[in-house]
Amino acid sequence: MSEPASPMNVPPPGRLLDMACRCCGARQVELVIDLGDQPHCNRLVRPDLAPGLEPHYPLRVGFCRDCTMVQIDHTIPKESMFTDYPYVSGTTTTLPAHFAATSRRMATAYGLGPADLVVDIGSNDGTWLKQYAPFGCRVLGVEAAGNVARIAQDSGIPTWHRFFNEDCARDILKEHGPAKAVTAAGVFFHLEELHSVVRGIEALLAEDGVFVVQAIYLGGMVENTAFDQVYHEHLCYYTLRSLSALLERHGLEIFEADLVDIHGGSIEAHVARRGARPVGESVRRMQAEEARKGFGEIATYRAFARNVLALRDRLLALLQDYRARGRSVWAYGAPAKGTTLLNSFGIGPDLVQKAVEKNPLKIGLAVPGVRIPIEAEEGQRPDAYLVLAWNFIEEFLKKEADWLASGGEFIVPIPKVQVIGASGTAGAAR
């Protein structure tokens, strides 16, 4: 497809998508919100590419009435999205610190040491695996994107350039033996071969092995109106209930679960073979909280869709006010989620003149669809930055304290539209 993006809309209740649920296979997936036809979020384009030439694909979100899995219906082949990738985990200070803390917890809880193999699925540049160095673990990354796999390999992290699935898991087992720990962070919602991946994890785990998965938490998305975390790479969106429904189909069981403060709120689930470990109170507590908040009910997601439309209206009004007053607005970063927000709301260079980045893989290109150019994060400053990577706002506030003190402003779109100025505190959107 190569047509311009179609407008987002909220359908009337009851409309089913023409798909089988990615988890349970039922054809009972109700359309929640249609974000229109959009380009692949991470397929940045040359600024001089003729308008409309980048492919656009449907971006529709549905809720399975049978197993409660929230998902999108259109699949862009994984080979198109992930074999060359512009995202690198180590470009912020937040993620390495987060993974260091997680590794310490895992090493303490499960006694990880030099005899133990840790396999990271979707290991990117090896940021998480580097954190096991103090414990002497054997590590292996599996990364589909050749460009970032090479970064990991060059930094000394053994990395297979492959898509992880059941066949890959069995090859690892033959060459390295079973894994005491298998991890997946920021990748478990990417999986086109969802059931093959879970079968592979089950096969690869040692008898006392643990699978630790971190994934953006659907409950947090709902509460924060974080619709921008919907894009074609993210096929599924998990609650504890829907994640359990998937894993239990393959003989695996969540025995501990918690929320961690990364990527705007993620679920961290610790998983073992069914019956291998006692199910902790944390699981029962989260199950009860999800039921109380209605995360297994379609009405919750219909309300979420309405909140997205209200957020759109507030943000557009604010950006139009900046333009009317002759004040410049640039995007602070060009993350994948930013592509969804900009294209869904029709925000182009007339409202946001450029995006600034420190990731060299993005500089000199443009956000697909809306064609906002991406430049290096240096030199001249705007009157305000639209913070697309809002999940790192605390890091950005520290980094830009002097600029804010001199009169600069951050426009933060999520969880609510607000402006942060010299005081470092948020004010209501004008």
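Predicted model: local features only at pLDDT ≥ 70, side-chain atom pairs only at ≥ 80, totals over all residues.

Colleague: Okay, then why is Ser242 called buried?

Modeller: Its relative accessible area is 0%, and buried means under 20%, so Ser242 counts as buried. Ser242 sits in helix H8.

Colleague: What does Ser242 touch, leaving aside residues up to four places away in sequence?

Modeller: Cys23, Cys67, Thr68, Met69 and Tyr237.

Colleague: Which other residues of H8 are buried?

Modeller: In H8, which covers residues 240–248, Leu240, Leu243, Ser244, Leu246 and Leu247 are buried along with Ser242. The cover over the buried residues of H8 includes helices H6 (194–204) and H9 (281–293). Strands E8 (205–216), E9 (236–237), E10 (252–260) and E11 (266–273) are also among the elements that cover them.

Colleague: What makes Gly326 exposed?

Modeller: Gly326 has 64% relative accessibility. The cut-off for exposed is over 50%, so Gly326 passes it. Gly326 lies in the loop between H10 and strand E12 (329–332). Its C-alpha atom is 9.6 Å from that of Asp383, and the two residues are 57 residues apart along the chain.

Colleague: And Arg371, buried or exposed?

Modeller: Buried. Its relative accessibility is 17% and the limit is under 20%, so Arg371 counts as buried. Arg371 is in the loop between strand E13 (355–357) and strand E14 (374–376).

Colleague: What is phi at Arg371?

Modeller: Near 60 degrees, a positive value in a residue other than glycine. Most residues other than glycine have a negative phi. Thr225 also has a positive phi, near 50 degrees. Thr225 belongs to the loop between helix H7 (218–224) and E9. With 8% relative accessibility, Thr225 is under the limit and so counts as buried.

Colleague: How do you know that the bond between Ile414 and Pro415 is cis?

Modeller: Omega there is about 15 degrees, and the peptide bond joining Ile414 and Pro415 is cis. Most peptide bonds are trans. Pro415 is found in the loop between strand E16 (409–412) and strand E17 (418–420).

Colleague: What share of the contacts with a separation of 6 or more comes from residues 24 or more positions apart?

Modeller: 68% of them.

Colleague: Which residues have the most contacts inside the largest nonpolar core?

Modeller: Phe188 and Phe410, in a core of 141 residues. Helix H10 (residues 298–324) gives the largest share of this core, 11 residues. Beyond residues up to four places away in sequence, Phe410 touches a list that includes Tyr332, Tyr385, Ile393, Phe396, Trp403 and Leu404.

Key
Residues numbered from 1 in each chain as written. Heavy atoms only, no water. Contact = heavy atoms within 4.5 Å. Core = buried A, V, L, I, M, F, W, Y, C linked by side-chain atoms within 4.5 Å. Buried < 20%, exposed > 50% of the residue type's maximum accessible area, 1.4 Å probe, protein only. Helix = DSSP H or I, 4+ residues; strand = E, 2+ residues; numbered from the N terminus.
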